[in-house]
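Reader: Before I rely on any label attached to this structure, I would like to hear the grounds for it. Could you take me through them?

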Amino acid sequence: MQKSFNLRMAIDGALRALIVEIEEYFLKKMLNIFQLLRKKAYLYSGGAKNMRKRSNLLRTLHALNNRMVLNDDLLWDIEHYELGYEYECKTDVQFGKGNWFIIKGLSLTERNEFLVQMDLIVLTGDKILLYELKAYTKRVNDCRDGTIEYKEGGRRYTHPLNQLSKAYGILESLLIKLGIPLEIESYVLLTHPKSYIYNLPAWTDKVLIQSEIEDHIEEQMRKRQPPTRETQIYWEKLKALHFDTSEYNSKVPKYSYEKLGKLVKCPNCFGVIREIPKGYRKMNCPCCSNKISVVDIAKLAYEDYILLFDEKPSAAKLYN
Ligand SMILES: [Zn+2]
């Protein structure tokens, strides 16, 4: 009798220990899964939550840069677009405090033809605010012929006010098509503290310099009606139209997989990584010397491949 009692005690004890072990095991597993999910959510959102994405064109140019020789014009474009992107993100933060719905970088394409990119759209209860964002760092002159000149005697571009009125026209007809009964108010925001357009016609009050943006947002927050359930439906309808393609840009040079070679680049500085040390989860980038995760490198290579070739790559293509 005593013997079997001891046996039962022993089995009981062993079972209890096993249960504790199983619980610990599942707890650990759950924690791992949780951490993995959190990491994934971070990666797929492209960094911080709700952060605007670089355009397909900019991402394509980054993917090509260092894998092939790009001309100076394109290198200048990359630098220029990257700076624009940085200041767009800063402006997003400023607008983020308002009680309204925001669409960042709405790209509209029709039959693979690029129509327009609307940098920032704010949907309020009574109006839609449309913004064209520009981050000029050098002297910009209004040529009064629908173009601006970047630096004296430098490149000419479509005037941001002309870009804005084109976007306005397209958005206006879209609103009619979608049955959205809101008026549009539109502005050009010069987002970089150094940005200024010289020789602007005196009649326009549609171009705001960086130091005026904060006041403009405050004013809109006071004047605009808060969003309603309808506003949210309009926001979803407009967002669903987004279609970004890099094909519209004739600037993107011709390339092939053979010409590009290895697709492995640093997710931080976009420098080429020629070798990944075996068995390590992190490594130092040879270009920017930041510690980078091998998973992030693989993920960027994978995304770049899809971006450049519009198909999923085989492992051999990524790593050989
Ligand atoms: Zn790097």
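Author: What follows sets some labels against their definitions. This is a predicted model, in which local features need pLDDT of at least 70 and side-chain atom pairs count only at pLDDT 80 or more, while totals for chains, interfaces and linings use all residues. Residues are numbered from 1 along each chain as its sequence is written.

Reader: How do you know that the span of helix α4 agrees with its number of residues?

Author: The expected span is 1.5 Å times one less than the number of residues. The 19 residues of α4 (residues 160-178) should therefore span 27 Å, and the end C-alpha atoms are 26 Å apart, which agrees.

Reader: Which residues of α4 are called buried, and what makes them so?

Author: A residue is buried if 20 or more other C-beta atoms, placed from the backbone, lie within 10 Å of its own, and exposed if 12 or fewer do. Pro160, Leu161, Leu164, Ala167 and Leu171 are buried in α4. They cover an arc (taken from the directions from the helix axis to the C-beta atoms) of only 115 degrees, which puts them on the same side of α4. Gly169, Ser173, Ile176 and Lys177, on the other side of α4, are exposed.

Reader: Why are β4 and β5 said to pair?

Author: Two strands pair if DSSP finds at least two bridges between them. Three bridges join β4 (residues 140-142) to β5 (residues 147-150), so the antiparallel strands meet that definition. Asn141, for instance, has Glu149 in β5 as its bridge partner.

Key
Helices (H or I, at least four residues) and strands (E, at least two) are DSSP runs, numbered from the N terminus.
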